[in-house]
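This report covers salt bridges, helix packing and backbone geometry in one model. Please keep the sequence and the structure in view while reading.

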Amino acid sequence: MFKASHLSLNNLFRNQNKCLQCLKITQVYQSHNARFSVCTKIRNGYQQFKSLKISPVLHTFRQLTSSTANTVNKLTVGVPQRAQKIVGGWLLGCAGMAFGAVVLGGVTRLTESGLSMVDWHLIKGMKPPRTQEEWEMEFQKYQQFPEYKFVTGQHEMTLSDFKRIWYMEYSHRMWGRAIGLVFALPAAYFWRKGWISKAMKPRILLYGGLLLFQGLFGWYMVKSGLTDTSDPIDVPRVSQYRLATHLGLAFAFYSLLFWASLSHLLKPQSVVKMIPKLGQLQKLSHGLMTVVFVTALSGAFVAGLDAGLVYNSWPKMADRWIPQDLLAFSPKWKNFFENPTAVQFDHRRMGELTVIYIAATWLLCRKIALPSRARLAVNCLFGMALLQATLGISTLLTYVPTHLAATHQSGSLVLLSFALWFAHELKRLPK
């Protein structure tokens with residue numbers, strides 16, 4: 001009996017050991033099976049992942065997260081970083097001088113000083129009269145032209161009065177020559193040093209040619225005011241067509257220099273996600289530059305015809321929304337360029353359109369996650385548009401005082417600068 005009990009106990013322990021081993025094997029099998037199942041799921045998921053056409057997505061992601069994506073600047077390719085900054089500073093300095101020429105030219109026009117120098121010599125004209133005899137000879141030359149005859153019909157002009165307007169025109173001309181030197185000498189040096197990229201070289205030639213043409217056209221403009229008018233009571237003035245062209249060339253020269261300087265000085269900003277409808281926003285920015293530029297040109301016709309003095313009320317013109325003499329000239333198209341009433345009317349409408357256009361763009365940009373510099377540019381653009389409109393209305397209501405009118409003309413170039421900056425920031429963002 002004892003032996004049987006002993007055997008049954010041994011069988012019990014043996015069976016228990018077998019059960020424990022089976023349990024371990026079962027656990028190991030289940031563990032391996034679970035791992036195999038997980039690997040199978042991962043493999044299947046990877047096959048599904050590969051089956052998706054995600055390469056464009058990955059490419060877009062790399063574009064958005066890379067600070068250099070879509071920002072290859074052909075104007076600075078192959079130019080050392082330090083040289084880029086130096087060339088960019090030079091271009092910005094030339095743009096600043098062009099800005100100063102526009103301001104000085106506006107003051108010259110407003111003070112009616114532009115016709116005081118009745119001849120033009122590139123080198124000889126750089127030397128001003130020094131002795132009393134030389135000044136009297138210069139004054140005698142001026143007395144032979146229509147402006148002197150018109151002015152003396154209203155009040156006497158002394159030699160001292162003549163010196164004041166002569167020096168104003170002289171300063172404008174010498175400033176233009178200074179721009180030529182500041183542009184040409186460094187350009188030749190940078191070109192020789194290899195700091196001008198292949199893409200930038202034709203642009204440098206274009207800038208130089210435009211600057212030379214601008215100087216020659218300035219004298220061509222002045223000549224239009226030195227001829228006798230058919231009507232003796234007409235105010236001698238330069239052709240408004242040539243004045244607008246002269247101003248347009250100055251704005252174009254400034255814009256090209258300013259854009260190129262931004263390309264050299266500013267590094268593109270990275271973005272963390274795709275900007276919606278970026279292409280449409282870029283087109284809007286191009287439209288902004290165009291509208292601001294055309295509005296400024298319409299202001300040149302206002303200045304050329306003294307159209308700011310015909311209706312000095314706002315928002316209506318002599319208590320009418322549409323003045324009676326709006327289309328008084330024949331043929332009708334001449335009214336938009338030669339009728340002071342129509343010219344002022346057009347400039348008012350263009351100014352209002354510009355402000356509305358800029359305000360709409362600003363409101364649209366508020367809903368878009370723009371980079372910080374682009375956001376700052378559009379905010380400055382909107383603020384300057386409001387200030388420029390205020391300056392224009394104030395100039396009109398106060399009968400065009402020189403300081404306000406000159407500030408208003410300068411404001412148009414500041415407004416264009418912000419439009420250029422905004423468009424430049426958008427151009428370098430990845431689509």
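## A buried ion pair

Glu425 and Arg373 are both buried, that is, under 20% relative accessible area, where over 50% is exposed and anything in between is partly exposed (1.4 Å probe, protein chains only). The two residues form a salt bridge, with the closest N and O atoms 2.8 Å apart. A salt bridge here is a side-chain nitrogen of Lys or Arg within 4 Å of a carboxyl oxygen of Asp or Glu. The pair links distant parts of the chain, 52 residues apart. Glu425 sits in helix H13 (residues 402-427) and Arg373 in helix H12 (residues 372-397). Helices are DSSP runs (H or I, at least four residues), numbered from the N terminus; strands are E runs of at least two.

## Basis of the model

The model is predicted: local features need pLDDT of at least 70, side-chain atom pairs count only at pLDDT 80 or more, and totals for chains, interfaces and linings use all residues. Residues are numbered from 1 along each chain as its sequence is written, and side-chain values use heavy atoms, with hydrogens and water left out.

## Helix H13

How many of the 26 residues of H13 are buried? The count is 19, so H13 is largely enclosed by the rest of the structure.

## Other salt bridges

The whole structure holds 7 salt bridges. One of them joins Glu169 to Arg173, with the closest N and O atoms 2.9 Å apart. Both residues lie in helix H6 (residues 159-193), 4 residues apart, about one turn of the helix. An α-helix has 3.6 residues a turn, so residues three or four places apart point the same way. Glu169 is buried at 5% relative accessible area. Arg173 is buried too, at 12%.

Arg237 and Asp306 also meet through their side chains in a salt bridge (2.9 Å, N to O). This pair links distant parts of the chain, 69 residues apart. Arg237 is in the loop between helix H7 (201-223) and H8. Asp306 is in the loop between helix H9 (278-304) and helix H10 (335-338). Arg237 is partly exposed, with 26% relative accessibility. Asp306 is partly exposed, with a relative accessible area of 26%.

## Packing against H8

Helix H3 (residues 81-110) and helix H8 (residues 240-265) have axes that come within 8 Å and cross at roughly 160°. Axes are lines fitted to C-alpha atoms, for helices over the stretch in contact, and angles run from 0 to 180 degrees between N-to-C directions. H3 is therefore roughly antiparallel to H8. Angles over 145 degrees count as roughly antiparallel, under 35 as roughly parallel, 65 to 115 as roughly perpendicular and the rest as oblique.

H7 packs with H8 at an angle of about 160°, their axes 10 Å apart. H7 and H8 are therefore roughly antiparallel to each other. Their crossing is left-handed.

## Backbone details

Which peptide bond has omega near 10°? The bond from Trp314 to Pro315, which is cis. Pro315 lies in the loop between H9 and H10. The bond from Ser330 to Pro331 is cis, with omega near 0°. Pro331 is found in the loop between H9 and H10.

Glu112 has phi near 55°, a positive value in a residue other than glycine. Glu112 lies in the loop between H3 and helix H4 (132-142) and is partly exposed at 45% relative accessibility. Val400 is not a glycine either, yet has a positive phi of about 55°. Val400 lies in the loop between H12 and H13. Its relative accessible area is 26%, partly exposed.

Note on methods:
A crossing is left-handed if the near helix is turned anticlockwise from the far one by less than a right angle, and right-handed if clockwise.
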